[in-house]
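This report describes selected secondary-structure elements and the way they pack. The sequence and the coordinates come first, and the discussion follows them.

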Amino acid sequence: MSASRSTGTTDAIGPDEDPERTPSPVIPGSRLLAALLDGMDAALCAFDAHGTITHWNREAERILGWTAAEAVGRRGFAGWAVRSADAGDVQRRLLAVMDAPGRQVHEFALLRKDGGRVLVRTQSSGVRGEDGKPAGVYCAFSEVHAQIDLERSIALSEALFEDASWGVVAVDVDLRPTVVNAYAARALGGGRTTLLGRPLGELIVQGVEDLEGALQHVLAEGPPPAPAELWVTLRTSEGDRRRCWRSGFLRLASPLAEEPVPLGVGWLFRDVTAAKLAEQDADRVRFRANQLHRAARQAAECEDPMEAATTSLDYALAGFADHVVVDLMADLAAGERLVRAAATPSDAPGPCLPVSGGPLPVRYAPGHPALQAVERAGSVRAAAPAGSGAAWAVEHQWPGDSVHALCVVLRSRGRTLGVVTFLRAANRSAFERPDVVYAESVAVRVAAAVDLARLTAEPGL
């Protein structure tokens with residue numbers, strides 16, 4: 001900047017400048033400096049080499065109550081902004097900075113204009129003249145509690161993004177991660193830097209719509225009143241993993257804007273999959289125990305033992321399977337093949353009822369899961385191969401929508417009476433070990449009822 005511009009005048013028009021353009025006046029250096037000083041968030045004062053105050057901004061006036069007109073020109077703080085007993089030490093420590101390299105940090109107790117005391121933290125540094133000799137000191141200060149609040153906020157932010165025992169992710173307005181802490185990186189299956197800027201849909205196979213919907217709501221309306229539990233499926237090198245994250249959200253806004261300008265969303269979450277699965281297992285066990293209790297009470301009121309058997313199966317189906325079939329041994333002594341004794345409708349949900357017209361022989365092929373259950377006197381699980389469609393179910397003589405099967409042997413008084421098969425459609429998961437335990441508990445009751453029906457049946461039936 002030329003000297004003429006710094007005083008508000010203009011230079012002559014150069015050869016490449018537009019002669020019709022009116023040069024804008026330049027703010028004088030002294031006014032620009034005054035505006036910068038008064039616009040600072042920190043209080044600032046400056047001393048010359050003799051300790052006389054030369055600058056005093058509006059933030060200093062706000063903290064101590066003394067105006068620039070009252071402060072500038074005073075020699076040090078003695079007699080007005082600091083107690084007499086402390087004045088010499090404060091003056092010495094401030095002016096000592098002129099001969100020391102870098103900045104120094106001190107804490108002083110200063111006096112307000114109204115007589116109150118305020119503890120301030122100062123950062124001071126020496127100022128040198130054109131000849132390189134000490135020319136004065138500038139001192140920036142703020143109330144200690146405000147400085148501590150700022151440092152605490154910065155420390156909290158750094159701790160959250162480093163050592164927090166829950167996931168912390170800063171998401172921009174385009175819903176892409178900008179900062180990820182170590183916990184979140186492990187949970188999302190990536191590195192802290194490799195995850196930055198990537199769409200969430202690249203990391204989450206299922207459930208990303210719910211997560212993005214929550215983030216968009218926070219940007220538009222603000223954070224929800226309580227944490228939300230989101231189920232997601234993650235794509236990992238070991239395959240897809242289903243996880244439950246208890247998540248909280250905070251809208252991030254710029255503190256420098258007059259009106260809140262959204263910078264993104266702070267997303268805090270913790271993996272609660274193990275706890276949720278344990279809770280679901282406990283709920284499932286309670287429900288199934290209640291179903292067994294209700295089934296036993298209802299079966300006790302049935303005069304026909306076979307009706308008691310089918311009643312027990314009706315209660316067992318609730319929330320457990322879509323279909324059930326009961327195959328019994330036609331002649332226990334001769335060991336004949338199985339006959340279909342009862343089943344649920346194959347085309348729609350319904351109760352388990354005896355086969356119309358009496359038991360019908362079933363022509364199971366060798367290796368059929370029901371025959372395996374009879375041979376082993378135990379339970380057998382089976383599932384349709386991928387892409388087999390209804391052919392697998394038809395081949396096994398089960399309802400066409402069946403893709404998961406659990407065959408449980410019916411045993412009573414040391415004899416095999418038959419087998420009950422529970423079937424699930426594709427919208428359900430495969431049978432697992434807890435399902436086998438429950439099915440075997442049901443089979444015990446069904447076998448007792450079937451055995452009683454055989455004992456009470458007329459000869460020849």
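## Helix H5: length and faces

In this predicted model, helix H5 comprises twelve residues (residues 84–95), which at 1.5 Å a residue should span 16 Å, and the 17 Å that separates its end C-alpha atoms agrees with that expectation. The buried residues of H5 are Ala87, Val90, Leu94 and Leu95; viewed down the axis of H5, these buried residues fall within an arc of 110 degrees, so they line one face of the helix.

On the other side of H5, Ala85 and Arg92 are exposed. The cover over the buried residues of H5 includes strand E1 (43–48) and strand E3 (103–111), together with strand E4 (117–128) and strand E5 (134–143).

## The six-stranded sheet

An open sheet is built from six strands with antiparallel pairing, and their order is E7-E6-E11-E10-E9-E8. Its edges are strand E7 (177–180) and strand E8 (204–206), each of which pairs on one side only, while the twist from one strand to the next averages 40 degrees.

At the edge formed by E8, two bridges join this strand to strand E9 (residues 228–236), and the two run antiparallel. Within E9, Thr233 is the residue that stands opposite Gln206.

## Helix H8 across the strands

Helix H8 (residues 208–221) lies across strand E6 (167–171), E8, E9, strand E10 (239–253) and strand E11 (262–271), and its direction makes an angle of about 5 degrees with E10. The strands that H8 lies across belong to the open sheet described above.

Key:
Residues numbered from 1 in each chain as written. Predicted model: local features only at pLDDT ≥ 70, side-chain atom pairs only at ≥ 80, totals over all residues. Heavy atoms only, no water. Pairing = 2+ DSSP bridges. Helix = DSSP H or I, 4+ residues; strand = E, 2+ residues; numbered from the N terminus. Axes fitted to C-alpha atoms, helices over the stretch in contact; angles between N-to-C directions. Contact = heavy atoms within 4.5 Å. Expected span 1.5 Å × (residues − 1). Buried < 20%, exposed > 50% of the residue type's maximum accessible area, 1.4 Å probe, protein only. Arc of directions from axis to C-beta.
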